[in-house]
Amino acid sequence: MQGLRRCSNDVVQLDLSTTVTTTNTSSTSLSIDVEESVETKIQRLITEHPVIIFTRSSCCMCHVMKKLLATIGVNPTVIELDDHEIAALPSSSEDGPGAASNLRNRTPAVFIGGACVGGLESLVALHVSGHLVPKLVQVGALWV
């Protein structure tokens, strides 16, 4: 299938420069309109999925993120981006100046309920503080 490559059972690599319509392992459709910019495509994916991780194919920390979320009972959507596509990742407006460049250099990046959580360290901190599970329940990614 053009533009999409399955890297493992739960990770798909998506070429954001082509038109793709497919289904990932969690039965959620990934559709891309060729006329959308990379930024628009990424933003749409963020809003369509309650928990989404953007990563590089060479990033081993994505595995740790997925394991943490799976332990809680959440199966996130994982999208592998090329280096030029990572620059299109949005950051939280609360992060202040320079946050976008910091996030772009720190993949994997996780978004929960459309909001940027950050990298692995931020996700773990959210979990340790006891705020991760309520946030996942709030966005409908986890039922308790």
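Hi everyone. Starting at the N terminus, the elements of this protein go β-β-β-β-α-β-α-β-α-α-β-β-α-α. That gives six helices and eight strands. Please keep in mind that what you see is a predicted model. Of the 144 residues, 44% are buried. And if you take contacts between residues at least 6 apart in sequence, 49% of them join residues at least 24 apart.

Let's go inside. The largest nonpolar core has 19 residues, and the members that touch the most others are Val-51, Leu-69, Val-110, Ile-112, Leu-123, Leu-132 and Leu-136. Which elements each supply at least two residues of this core? They are strand E5, at 51–55, helix H2, at 61–72, strand E7, at 109–112, helix H5, at 120–128, and helix H6, at 132–138. H2 gives the most, with five residues. There is also another core, apart from this one, with 13 residues that include Leu-45, Phe-54, Leu-89 and Phe-111.

Take Leu-136 to begin with. Setting aside neighbours within four places in sequence, Leu-136 is in contact with Val-51, Leu-69, Ile-72, Val-74, Ile-112, Ala-141 and Leu-142.

Now over to Val-110, which sits in strand E7. Is Val-110 buried or exposed? Its relative accessible area is 0%, so Val-110 is buried. Not counting residues up to four places away in sequence, Val-110 touches Val-51, Ile-52 and Ile-53, then Met-65, then Ala-115, Cys-116, Val-117 and Gly-118, and also Leu-123. Cys-62 is 48 residues from Val-110 in sequence, yet their C-alpha atoms are 9.3 Å apart in space.

Next, a pair of helices: H2 and H5. Their axes come within 10 Å and cross at roughly 20°. Angles under 35 degrees count as roughly parallel, and that is why H2 is described as roughly parallel to H5. The crossing of H2 past H5 is left-handed.

Which residues meet here? From H2 we have Met-61, Val-64, Met-65, Leu-68, Leu-69 and Ile-72, and from H5 there are Leu-120, Leu-123, Val-124 and His-127. By type, this contact of H2 with H5 has nine nonpolar residues, one polar and no charged.

His-49 has its place in the loop between H1 and E5. With a relative accessible area of 2%, His-49 is buried, because buried means under 20%. How far apart in space are the C-alpha atoms of His-49 and Phe-111? They are 8.8 Å apart, while 62 residues separate the two in sequence. Phe-111, you'll remember, is one of the residues in the 13-residue core.

The other loop runs between strand E4, at 29–32, and helix H1, at 38–48, and Ser-37 lies in it. Ser-37 has 32% relative accessibility, so it counts as partly exposed. Along the chain, Ser-37 and Ala-88 are 51 residues apart, and their C-alpha atoms are separated by 9.4 Å.

Terms used:
Residues are numbered from 1 along each chain as its sequence is written. This is a predicted model: local features need pLDDT of at least 70, side-chain atom pairs count only at pLDDT 80 or more; totals for chains, interfaces and linings use all residues. Side-chain values use heavy atoms; hydrogens and water are left out. A nonpolar core is a set of buried Ala, Val, Leu, Ile, Met, Phe, Trp, Tyr and Cys residues joined through side-chain atoms within 4.5 Å. Buried means under 20% relative accessible area, exposed over 50%, partly exposed in between (1.4 Å probe, protein chains only). Helices (H or I, at least four residues) and strands (E, at least two) are DSSP runs, numbered from the N terminus. Contact means heavy atoms within 4.5 Å. Axes are lines fitted to C-alpha atoms, for helices over the stretch in contact, and angles run from 0 to 180 degrees between N-to-C directions. Angles under 35 degrees count as roughly parallel, over 145 as roughly antiparallel, 65 to 115 as roughly perpendicular and the rest as oblique. A crossing is left-handed if the near helix is turned anticlockwise from the far one by less than a right angle, and right-handed if clockwise. Ala, Val, Leu, Ile, Met, Phe, Trp, Tyr, Cys and Pro count as nonpolar, Asp, Glu, Lys and Arg as charged, and the others, Gly among them, as polar.
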